[in-house]
There are 2 protein chains.
Amino acid sequence: MTENNFENIALNAKTASKKLASVSTGVKNSALLKIAETLDLNKEKILIANALDLANAKSKVESGKLSQAVYNRLKLDGNKMRDMIQGIVDVYELEDPIGKVLMQRSLDTGLVLTKVSCPIGVLGIIFEARPDVISQISALAIKSSNAVILKGGKESVNTNKAIMETIQNALKKIDGFPENVLTQVFTREDVAEMLKQDNYIDLIIPRGGNSLVKFVKENTKIPVLGHADGICHIFIDKSADYDKAERIVIDAKTQYPSACNSVETLLIHKDFSKKEYLLNVLRNADIELIFTPESWHKEYSDKILAVKEVSSLEEAIEHINKYSSGHTDSIITESRENAEIFMNTVDSAGVYHNVSTRFADGFRYGFGAEVGISTNKTHARGPVGLEGLTIYKYKIQGNGDIVKDYVEGKKKFNHKNLL
Amino acid sequence: MTENNFENIALNAKTASKKLASVSTGVKNSALLKIAETLDLNKEKILIANALDLANAKSKVESGKLSQAVYNRLKLDGNKMRDMIQGIVDVYELEDPIGKVLMQRSLDTGLVLTKVSCPIGVLGIIFEARPDVISQISALAIKSSNAVILKGGKESVNTNKAIMETIQNALKKIDGFPENVLTQVFTREDVAEMLKQDNYIDLIIPRGGNSLVKFVKENTKIPVLGHADGICHIFIDKSADYDKAERIVIDAKTQYPSACNSVETLLIHKDFSKKEYLLNVLRNADIELIFTPESWHKEYSDKILAVKEVSSLEEAIEHINKYSSGHTDSIITESRENAEIFMNTVDSAGVYHNVSTRFADGFRYGFGAEVGISTNKTHARGPVGLEGLTIYKYKIQGNGDIVKDYVEGKKKFNHKNLL
């Protein structure tokens, strides 16, 4: 795709986003239900497209060019299709995040300031193998009135095309739903072009591995929402309850080792009495333990765990604030005071007490759906739901009001919150 | 300053920010009062330093290297010092934005998720001539528990040093207040180094002209909060009340023409009956009117106004969404319906009805103080007060809870908002 073409795509998305900003909740919800219905009617077509991708991928797995894990994520079946469709219905059921009055204040008699939530504009989403991301992101974008340009993984290109075509067919049937709200692009060159469109694209969300996220962050002036690493810690304090420590560490390391919220480093207080016993239990659970400093900044995404002894809560916090990726870190302790210090001082999106790091997830937090998990320090942090796809504007309703009157003292502000 | 030195400064600021995150409201407020008191005691020293800067600047004004406007902004006097000190007391009186519970939700029995506001970390502030910005930014940073690295304009270097030295002396007297919370740097090279510190600096706020903001945005991977242009519009609708239109346009163009919230383009509906009369009134108010398309994307910051006739509300909105810098745009109309459409569809930080664009300001909005005005579509938009210097973290308090129990269906989430 040439540069000019991509600028057109981005401009069309921007135009769509401006129209979408005033589309009613009713129209957006009808669109979501129609998408769910149309996907259900076209299940077979999508599964056939998926079979084609799987056949291509299989030969790559056999020749060692693709991992079995990626192959598994690529595969759709009846159950996954049902979950995909249910995911859209879930978003339909969420409250509309747009047009909410966040604050209302009288500035003076007859002069009212209102802060209202509104869409961000155009999102650029780059994701890897899982094709079900398309319908999830499309639903979240529609509900939050944002236009979106999506680039999926090349392994799932046939599946992605079939899903997007189905969604577009559904949207065409909805009166008053603008065109170009959803656009799919396909090539590596498209990603490069997307990252240049800072005049039209307002937010980039990369969903995928470390190297994708780093590449995106280093090659765009557009704000990026996401996380590169997931180096999560568990600190077992002196006063930790042994049983809680054991269940939590095993859950956080083995329940789904390749998840970004799995634990990568275990810090143990030198006076925790059952340290050696615990380490043996972990070894027996097939976890490989590593005791070298090189391991402290590694994300293994596997049943491998870095272990370090620390002599105090402070040392644990210092280690975490130095090596953590700011995703999620947990303390196991029976000391309420130490838990408070840990949660207030560790500078991460999630700070937990006696809880597995695996809870860091939009569904588990009750957000209904998530766009991804952010380790940013601005805009949105942690699991990002619909709210993270909104910003706000300030409206003022007046009656001929001018600043000169206030500067010259003829009038005075009487700031008073109405809401 | 060498690259290594700057990395040290940034690292020290980061360390300070982590300590500051758990400093109490009481300590922060004592620090603010001590700063106000110490500035009052050192007024003379600061005015002497300012006299030196003014003397240097005067010769530059005479040789045409510096504008009289910059000279005027540079000048401190007893009144400005009093305002500076009052500004700090105002920040002292604001509610602490840190540690606020923004949401609390039970995920399951004994498993509680809490969203708490927290500081962003380290701010990099780059500002031009006005030396009173130092004390204002320092106060806002302290109140929001952020460390800050400040780079002021070179014209006010002596004044800046004297103010910062006074503030640092005050902070040394406060028990429990960490060192390196505030750092001042001085050279152009420092700015270049600051923009590279994306490992340590979390947010850059440039306060100054268009070219400064553009330079910053183009040369850093750190999120930037601010606005480059201030191209604000007023649209006079067919049904506009003439008197309101006249007072508002004159206020928005002449009350302070160099402000970013001054109007730059006037759109007039072709059926507004008193168009020619109004244009004559504007000319008589010493406003130069320009009718060429080249003027549509210019920020004159002077008593010059672009004027364009439009044939509909839609054409006005389209023009604004194309040429506005997204700062503040106002409609003058007696049609409530047209005002609603305008305010919902114009994609700017401020959208006003029958109000001068000059109201876009943190003090006028009742925020107590402002860090600047943002035209960003993420994080913070419009006038940014203390809240814009915060982000949040998620705490989870549990009792040995693991994700496996939920995945395997032994337990179920019962998401219930507690707050």
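Asn180(B) is partly exposed, with 17 other C-beta atoms within 10 Å. (A residue is buried if 20 or more other C-beta atoms, placed from the backbone, lie within 10 Å of its own, exposed if 12 or fewer, and partly exposed in between.) The model is predicted: local features need pLDDT of at least 70, side-chain atom pairs count only at pLDDT 80 or more, and totals for chains, interfaces and linings use all residues. Residues are numbered from 1 along each chain as its sequence is written, while chains are lettered from A and ligands numbered from 1 in the order in which they are written.

Asn180(B) sits in the loop between helix H7 (157-172) and strand S5 (182-185) of chain B. (Helices, H or I of at least four residues, and strands, E of at least two, are DSSP runs numbered from the N terminus.) Its phi is positive, about 70°, although Asn180(B) is not a glycine. In chain A, Ser301(A) is another non-glycine residue with a positive phi, near 55°. Ser301(A) belongs to the loop between strand S9 (288-290) and strand S10 (304-310) of chain A. Ser301(A) is partly exposed, because 17 other C-beta atoms lie within 10 Å.

S1(B) (residues 101-108) and S2(B) (residues 111-119) pair antiparallel over six bridges. (Two strands pair if DSSP finds at least two bridges between them.) Together S1(B) and S2(B) make a hairpin, with two residues between them. In that turn, Gly110(B) has a positive phi of about 75°. Arg105(B) stands opposite Leu113(B) of S2(B).

S2(B) is also joined to S15(B) (residues 390-401), again antiparallel, by eight bridges. There Cys118(B) faces Ile391(B) of S15(B).

Val351(A) stands opposite Lys395(B) in S15(B).

Across the two chains, 60 residues of chain B are in contact with 60 residues of chain A. (Contact means C-beta atoms, placed from the backbone, within 7 Å.) On the chain B side, the elements giving two or more residues are S1, helix H10 (242-254), helix H13 (336-345), strand S12 (350-355), S15 and helix H14 (404-407). S15(B) gives the most, with 11 residues. By class, this side of chain B has 22 nonpolar, 20 polar and 18 charged residues. (Ala, Val, Leu, Ile, Met, Phe, Trp, Tyr, Cys and Pro count as nonpolar, Asp, Glu, Lys and Arg as charged, and the others, Gly among them, as polar.)

## Arg364(A)

Arg364(A) lies in the loop between S12 and strand S13 (372-374) of chain A. Arg364(A) counts as buried because it has 21 C-beta neighbours inside 10 Å. Neighbours within four places in sequence aside, Arg364(A) is in contact with Phe359(A), Leu107(B) and Phe413(B). Tyr92(A) is 272 residues from Arg364(A) in sequence and 18 Å from it in space, C-alpha to C-alpha.

## Helix H5 of chain B

H5(B) covers residues 78-93, 16 residues in total. The helix reaches 23 Å from first C-alpha to last, close to the expected 22 Å at 1.5 Å a residue. (The expected span is 1.5 Å times one less than the number of residues.) Met81(B), Met84(B), Ile88(B) and Val91(B) are buried in H5(B). They lie on the same side of H5(B) because they cover an arc of only 85° around the axis. (The arc is that of the directions from the helix axis to the C-beta atoms.) An α-helix has 3.6 residues a turn, so residues three or four places apart point the same way.

The other side of H5(B) holds the exposed Gly78(B), Asn79(B), Arg82(B), Gln86(B) and Glu93(B). Cover for the buried residues of H5(B) includes H2 (25-41), H3 (43-62) and H6 (133-143) of chain B.

## Helix H7 of chain A

H7(A) runs over residues 157-172 and has 16 residues. It reaches 22 Å from its first C-alpha to its last, close to the 22 Å expected. Its buried residues are Thr159(A), Asn160(A), Ala162(A), Ile163(A), Thr166(A), Ile167(A) and Ala170(A). Their arc around the axis is only 165°, which puts them on the same side of H7(A). They pack against H2 (25-41), H3 (43-62), H6 (133-143) and S5 (182-185) of chain A.

## Domains of chain A

The domain assignment, automatic or from a database, gives chain A domain 1 (3-225 + 371-393) and domain 2 (232-359). Their C-alpha centres lie 34 Å apart. Seven residues of domain 1 are in contact with eight residues of domain 2. The domain 1 side has two nonpolar, four polar and one charged residues.
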